[in-house]
Amino acid sequence: MRTRYALVGTGSRAQMYIDAITGPHADTAELVAWGDTNPGRVDWYERRLVDAGVPVPARFAPAELAEAVRRHRVDQVIVTSPDWTHDDHVVTALEAGAGAIVEKPLTTTAEGVRRIAEAAERTGLPVVVTFNYRYSPRNSALKQVISSGEIGEVTSVHFEWVLDTAHGADYFRRWHRDKESSGGLLIHKASHHFDLVNWWIGDVPTRVFASGGLRFYGADNAARRGLGARPERGTGDSPLRDAFSLDLRDDPTLRGLYLEQEEHDGYLRDRDVFDAGITIEDNLALVVDYAGGASMSYALNAHSPWEGYTVAVNGTRGRAELTVVERGAVLVADNGRPVVDPSARPDAVRDDDGRPVSERLVVQRHFEVAREVPIPAGEGGHGGGDAQLLRDLFVGAEADPLARAATWDDGVRSVSVGLAGNRSLETGQAVRTAELSLGPALAALAAE
């Protein structure tokens with residue numbers, strides 16, 4: 001008996017789930033219904049399925065999700081709609097009788113977390129937040145080192161993530177640029193990172209202090225640097241276009257999902273990163289305290305010349321360091337533009353000798369020389385994590401000593417750091433996650 005799925009939100013993030021259900025996991029999963037506020041995007045995916053000879057799911061309007069769950073006997077609803085809609089869709093799915101699988105972040109507000117928590121408790125149905133980076137072999141290798149006790153009890157973590165001028169810039173072209181819609185990068189992007197740390201060290205965040213701002217993108221910063229007049233959008237033949245401009249015509253998926261569907265809702269996927277109205281930060285720094293006594297210093301930059309991350313975990317017996325280069329340089333060649341997200345499309349990354357694509361895990365115990373820990377090869381998107389995540393979702397998680405399958409509690413823990421960080425940015429004060437009143441999941445964990 002196959003599990004019956006509905007999907008709400010057919011933007012680019014939905015493709016991973018649609019392809020998995022209709023492809024390698026078609027024997028255990030069935031996509032029976034889907035919906036989006038933009039019918040043109042559903043049309044685009046429907047043509048793909050028809051071309052592949054796959055049955056087409058029934059359509060529904062997102063406002064009709066509850067009726068679709070009941071009508072099509074849906075077991076699980078996959079939520080891949082914009083972040084600010086997550087809590088509405090998850091709560092609707094639960095109350096209609098289906099479990100929910102929600103793309104990170106869980107939601108963008110403390111009230112949204114509370115609504116989901118109350119619905120999950122009331123219905124007893126599962127809510128799963130998908131954290132694919134846990135499954136990446138390099139991140140799993142670091143988890144193994146920490147769990148083994150080789151570096152002792154964790155005392156502190158330093159974590160820096162840099163987004164380059166293709167991928168980082170992309171958050172400033174689309175709806176994510178509006179903090180009311182996305183919660184900013186501390187919610188939309190960094191919830192991945194905070195989940196990794198929570199999982200790596202097996203601890204619960206209790207206090208957050210944040211600093212940061214919009215210092216590179218946006219109209220004011222452009223004017224201060226004397227950039228001059230710019231085009232409203234990247235698509236087109238304006239002589240003002242430059243390396244920060246994204247032409248949707250260059251990518252078949254972006255063209256089909258967004259450019260050709262603008263007539264339905266007027267949404268522009270390629271707005272200029274240096275125009276007015278951007279309300280999210282592009283430079284962020286946090287100090288996070290954990291219940292077990294460890295602390296983390298975290299930094300995020302969204303206009304780096306290269307993309308990747310470095311994490312150092314200090315313990316009572318030594319230190320572990322993971323360094324990852326996902327793209328060494330953003331190179332705009334005559335034959336086309338670089339792929340936007342190098343972690344999702346590693347096959348399309350143009351490598352270079354100056355800073356080659358690489359991953360390296362080094363462990364050094366006190367009074368010993370450093371040793372490099374072998375990292376198993378990962379294939380596919382997000383460091384090889386996507387395929388394993390999808391197998392756990394659609395086939396079922398096997399016994400895993402690393403506990404990579406995320407729980408509802410993990411979703412709350414990850415978003416709590418970003419929510420507390422945003423409040424800290426507003427107040428200039430450190431914020432305790434308990435002050436957010438995120439419901440029983442975080443309260444129970446913090447009390448352990």
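Student: Which strands does helix H2 lie across?
Tutor: In this predicted model, helix H2, made of residues 39–52, lies across S2 and S3, and H2 runs at about 150° to S2.

Student: And what sheet are those strands in, I mean, what is the strand order?
Tutor: The sheet is an open one of 6 strands, with parallel pairing and the order S3-S2-S1-S4-S5-S6. Its edge strands are S3 (58–59) and S6 (127–130), each of which pairs on one side only.

Student: Which helix touches S1, S2, S4, S5 and S6?
Tutor: That is helix H1, residues 14–22, which packs on the sheet and touches those strands, and the direction of H1 makes about 140° with that of S2.

Student: New topic: at what angle do H5 and H15 pack?
Tutor: Helix H5 (residues 110–123) and helix H15 (residues 408–427) pack at an angle of about 165°, and their axes are 11 Å apart. An angle over 145 degrees counts as roughly antiparallel, and therefore H5 and H15 are roughly antiparallel to each other.

Student: Is that crossing left-handed or right-handed?
Tutor: The crossing of H5 and H15 is left-handed.

Student: Which residues meet there?
Tutor: From H5, Ala110, Val113, Ile116 and Ala117 meet Trp408, Val412, Val415 and Leu419 of H15. Sorted by class, the contact of H5 with H15 has 8 nonpolar residues, with no polar and no charged ones.

How values were computed: Residues are numbered from 1 along each chain as its sequence is written. This is a predicted model: local features need pLDDT of at least 70, side-chain atom pairs count only at pLDDT 80 or more; totals for chains, interfaces and linings use all residues. Side-chain values use heavy atoms; hydrogens and water are left out. Axes are lines fitted to C-alpha atoms, for helices over the stretch in contact, and angles run from 0 to 180 degrees between N-to-C directions. Helices (H or I, at least four residues) and strands (E, at least two) are DSSP runs, numbered from the N terminus. Angles under 35 degrees count as roughly parallel, over 145 as roughly antiparallel, 65 to 115 as roughly perpendicular and the rest as oblique. A crossing is left-handed if the near helix is turned anticlockwise from the far one by less than a right angle, and right-handed if clockwise. Contact means heavy atoms within 4.5 Å. Ala, Val, Leu, Ile, Met, Phe, Trp, Tyr, Cys and Pro count as nonpolar, Asp, Glu, Lys and Arg as charged, and the others, Gly among them, as polar. Two strands pair if DSSP finds at least two bridges between them.
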